[in-house]
Amino acid sequence: MIFKLEDVTVYFPYDNIYPEQYSYMLELKRALDAKGHCLLEMPTGTGKTIALLSLITSYVLSKPENPVKLIYCTRTVHEMEKTLAELKLLHNYQTRHLGPAAKILAIGLSSRKNLCVNSRVLAAENRDSVDAACRKRTASWVRALAAENPNIETCEFFENYEKAASAAVLPPGVYTLQDLRAFGKQQGWCPYFLARHMVQFANVVVYSYQYLLDPKVAGIISKEMQKESVVVFDEAHNIDNVCIEALSVSVRRQTLEGATRNLSRINQEIERFKATDAGRLRAEYNRLVEGLALRGNLPIADAWLSNPALPSDILKEAVPGNIRRAEHFLHVLRRLVQYLRGRLETENVEKEGPVSFVASITAHAGIDQKTLRFCYERLHSLMLTLEITDTDEFLHIQTICDFATLVGTYTRGFSIIIEPFDERMPHIPDPVLQLSCHDASLAVKPVFDRFQSVVITSGTLSPIDLYPRLLNFHPVVSRSFKMSLTRDCICPMVLTRGSDQLPVSTKFDMRSDPGVARNYGKLLVEMVSIVPDGIVCFFVSYSYMDEIIATWNDSGILKEIMQHKLVFIETQDVVETTLALDNYRKACDCGRGAVFFSVARILLARLEYLRDTFQIKEGDFLTFDALRQAAQCVGRVIRSKADYGMMIFADKRYSRHDKRSKLPGWILSHLRDAHLNLSTDMALHIAREFLRKMAQPYDKAGSIGRKTLLSQADLEKMTNDGSINEMLY
C-alpha cells in the first residue's frame with residue numbers, strides 16, 4: 001500500500017497496516033524531522049522492523065535533496081538476516097512502483113567467520129582463529145614474500161579482489177550475508193573485504209551493535225560513516241549493558257599465564273629482527289618519537305582492532321620514552337603482569353577506583369598513568385613491526401593492554417573489583433580481577449554526538465523514563481505503543497500466595513524459605529498438567545536456580561513435573577544452553593511438552609556510581625532493572641497477533657502499584673484487577689478458562705468490532721474525517 005504521512009509518501013509492502021505501525025511511523029518521522037534522537041517501544045509481533053524500514057527509506061525517497069544513510073544495528077546474525085530479508089521485500093515493492101529511482105545499495109556486515117568463502121580459512125574452529133588464518137594469507141608482508149616465493153600460501157579471493165581494484169564494486173540491490181558470499185564466489189572476490197569497502201557507499205548498512213559501541217571495532221569499521229545518518233538500535237532493551245561490556249575487562253590467572261607466554265614469544269621475535277632486520281625496529285622507534293598518528297593509513301588487511309579508549313588527539317602525542325624501544329616496552333608489560341598476579345593473591349573481595357589503582361601500580365611497578373594509556377597502541381605498533389599474523393595466539397596480552405589503556409584513560413565511571421572465587425563454588429580458588437565500567441553513556445556518547453538521529457527501539461523498553469538518564473541523552477520523542485488485538489490473547493496475572501495462603505516472593509530474606517520453594521514447585525506442577533506444549537520458568541540468578549532445583553529434586557517435585565513435561569536447564573555454557581533450547585523446541589513441536597528453566601540476569605554493580613553521577617536512587621535502579629528483566633522475559637510469550645500466552649508474575653511485590661506500573665503498557669492493558677492478588681488455585685482456574693478460549697479457531701478480522709488491520713482506503717477515510725487522531729491517541 002502507498003499512503004501519505006504528512007509530507008512523506010510511504011511505500012509499505014503489505015495490503016494492510018496495524019494502527020500501532022502507523023502511530024510508530026508518525027512518531028519516528030517527527031524525530032527525523034527534528035534531527036533528534038528517540039525512544040520507541042512497540043510490542044513484539046507488531047511489525048516494528050518493516051515499519052521502521054518503510055518509513056526511513058520512504059523518507060529518504062521523499063527528500064532526495066537531503067540524502068540520509070541508515071545504519072541498522074542488531075544483536076545477532078539471525079536478526080541481521082531477518083532485517084535484510086524484510087528490506088529486500090520492501091526494496092522490490094518500491095522499485096516496482098518507482099523504477100530505477102528507488103534503487104539502493106543495502107548490505108549486511110559481519111565477521112570474517114560469517115562472510116569468508118575460502119574453505120581453508122573457514123576450517124579454523126572459532127572467530128579469532130578464522131581472523132588469524134585470514135591475516136596469515138592477506139597481510140601485506142606475507143603477500144610481498146609470496147610474490148618472490150610461490151610456496152607461501154595467499155588467498156585467491158583476496159588477490160582477485162585487490163587486482164580488480166576500483167572495479168570491485170557491488171551493483172545496487174539488497175545483499176544478505178548469504179548473497180554476499182554467493183556474489184563473492186561468482187566473481188572470485190573476497191566478500192568480507194568487499195563488504196568492508198562498500199560500507200561507506202551503501203545507503204543502508206545492517207550490522208552488530210559492537211560495530212558502533214565497542215571503540216576497538218568502531219574505530220576501524222565505522223569511522224567513515226557520515227554525520228547525516230539515522231542509527232537504529234533494534235531490540236535495544238539491554239543497550240546500557242552492551243555499552244558497559246564494551247568497556248569492561250576481566251583478568252584471570254589463565255590470562256596472566258597466557259600473557260607471560262606471549263611476552264616470551266614477542267621477545268624471541270625482537271631478537272630475531274635485531275639479528276636480521278634491525279633497521280625496522282629503529283624505524284619504528286623514530287616513528288614513535290613523532291607520534292602514532294604519523295603511521296598513516298594501514299592496508300585494509302593489516303588493520304587490527306582500534307584503541308579501546310584513546311581519542312584521536314592523543315595519537316598526536318609522542319609515545320612515552322620508556323616504552324619506545326621494543327625491549328623496554330616488554331619490561332613494562334612484564335612488571336604489569338607481575339603486579340596483577342600479586343593482586344589476584346587475595347582472600348577477600350576488594351574494590352577500588354581507577355585513580356588509587358593507578359597510584360598503586362606506579363608505586364609498586366613503576367608504571368605511570370601515561371605509559372598505561374599508551375599500552376594498547378604500542379602493542380599494536382610492535383605486532384605490526386614484528387609482522388605477527390597469528391593474532392589469535394596473542395589474545396591474552398591484548399587483554400592486559402586493553403585493561404591498561406582503559407584504567408590509564410578513565411578516572412571516573414569505573415571500579416576495579418577483585419573476587420577470590422566464584423560465588424557458586426566458594427571452595428575452589430578462582431580469582432578474577434574485573435575492570436567494571438559503570439557508565440553506559442561513555443560508549444554511546446560518540447554515537448549520539450556524531451549522528452543526526454539515533455533510534456532506540458524494542459518490544460520492552462519499560463520503564464522508558466530511565467533510559468535517557470542512564471545513557472545521558474535527550475530524546476525529542478519518547479513513546480510506548482499498545483497492541484491492537486482482535487481477542488484477548490495475553491493473560492498476565494499476579495500470583496502472591498500459594499494454595500496454603502503463604503506469601504511467595506524471591507525477596508532475599510524470603511527466597512530460601514522452604515514454604516516459598518514448595519509453593520513455587522506446586523505452582524509449576526499444577527501448570528505443567530494443564531498448559532499444552534511449553535513453559536519457561538525464570539529465576540533471579542543461577543545460584544538461586546541451583547538451590548531451588550536441588551530442593552525440588554529432594555522433595556520429589558521435579559519427578560512430578562517430569563511426568564508431564566521434559567525439563568531443560570539454561571547454564572552459563574553457550575553451547576549447552578543452545579542445545580537445551582533446541583531440544584526444548586523439539587519437545588514442544590512434537591507434542592511431548594517441555595519446561596525450560598532460565599535466568600533473568602540482574603546487574604547490581606553500578607548502584608553507587610548511578611546515585612552519585614545521575615542522581616538515580618539505588619532503589620529506583622534496582623526496580624527498573626528487575627522489572628525490565630521481567631518484561632523482557634514475559635514479552636517474548638507472543639510472537640504475532642495470532643499467537644497467545646500466559647504471563648505469571650509469581651511474587652507478592654507485583655501487587656504493589658508502584659512496582660507493577662513500570663511494566664510495558666501493552667502488558668498492563670491486559671492485566672485485570674481481578675488477576676492482581678491470586679493464589680495458586682485461583683491462577684489455575686483462570687489459566688484453564690483462558691486456554692479453553694484460545695483453543696477456538698482464530699478469527700483474523702475480529703468479531704468484536706475492533707479495527708486492527710487498516711487498508712489504504714481506511715487510512716484515507718480516517719485522515720479525511722479526522723478520526724485518525726482518535727486512533728493515535
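This report describes the sheets, a helix pair and the nonpolar cores of a predicted model.

Residues are numbered from 1 along each chain as its sequence is written, and side-chain values use heavy atoms, without hydrogens and water. Local features need pLDDT of at least 70 and side-chain atom pairs count only at pLDDT 80 or more, whereas totals for chains, interfaces and linings use all residues.

**Sheets**

Helices (H or I, at least four residues) and strands (E, at least two) are DSSP runs, numbered from the N terminus. Two strands pair if DSSP finds at least two bridges between them. Eight strands with parallel pairing form an open sheet in the order β6-β5-β7-β4-β8-β13-β3-β14. Because β6 (173–175) and β14 (477–480) each have a single partner strand, they stand at the edges, and one side of each is left without a neighbour in the sheet. A second open sheet, with antiparallel pairing, has four strands in the order β9-β12-β11-β10. Its edges are β9 (249–252) and β10 (350–352), each with a single partner strand, so one side of each has no neighbour in the sheet.

**Helices**

Axes are lines fitted to C-alpha atoms, for helices over the stretch in contact, and angles run from 0 to 180 degrees between N-to-C directions; contact means heavy atoms within 4.5 Å. Helix α2 (residues 48–62) packs on the eight-stranded sheet, where α2 touches β4, β8 (229–233) and β13 (453–458) and makes about 165° with the direction of β4. Helix α16 lies across β9, β10, β11 and β12 (429–437), at about 115° to β12.

The axes of α24 (residues 542–555) and α25 (residues 557–564) come within 5 Å and cross at roughly 85°. The two helices are therefore roughly perpendicular (65 to 115 degrees). From α24, I549, W552, N553 and S555 make the contact, and from α25, I557, L558 and I561.

**Nonpolar cores**

A nonpolar core is a set of buried Ala, Val, Leu, Ile, Met, Phe, Trp, Tyr and Cys residues joined through side-chain atoms within 4.5 Å; buried means under 20% relative accessible area (1.4 Å probe, protein chains only). The largest core has 171 residues, of which F3, I107, Y207, F233 and I456 touch the most other members. Helix α16 (residues 326–344) supplies the largest share of this core, 10 residues. Another core, of 58 residues, lies apart from it and includes F539, L558, V567 and V599.

Notes: Buried means under 20% relative accessible area, exposed over 50%, partly exposed in between (1.4 Å probe, protein chains only). Angles under 35 degrees count as roughly parallel, over 145 as roughly antiparallel, 65 to 115 as roughly perpendicular and the rest as oblique.
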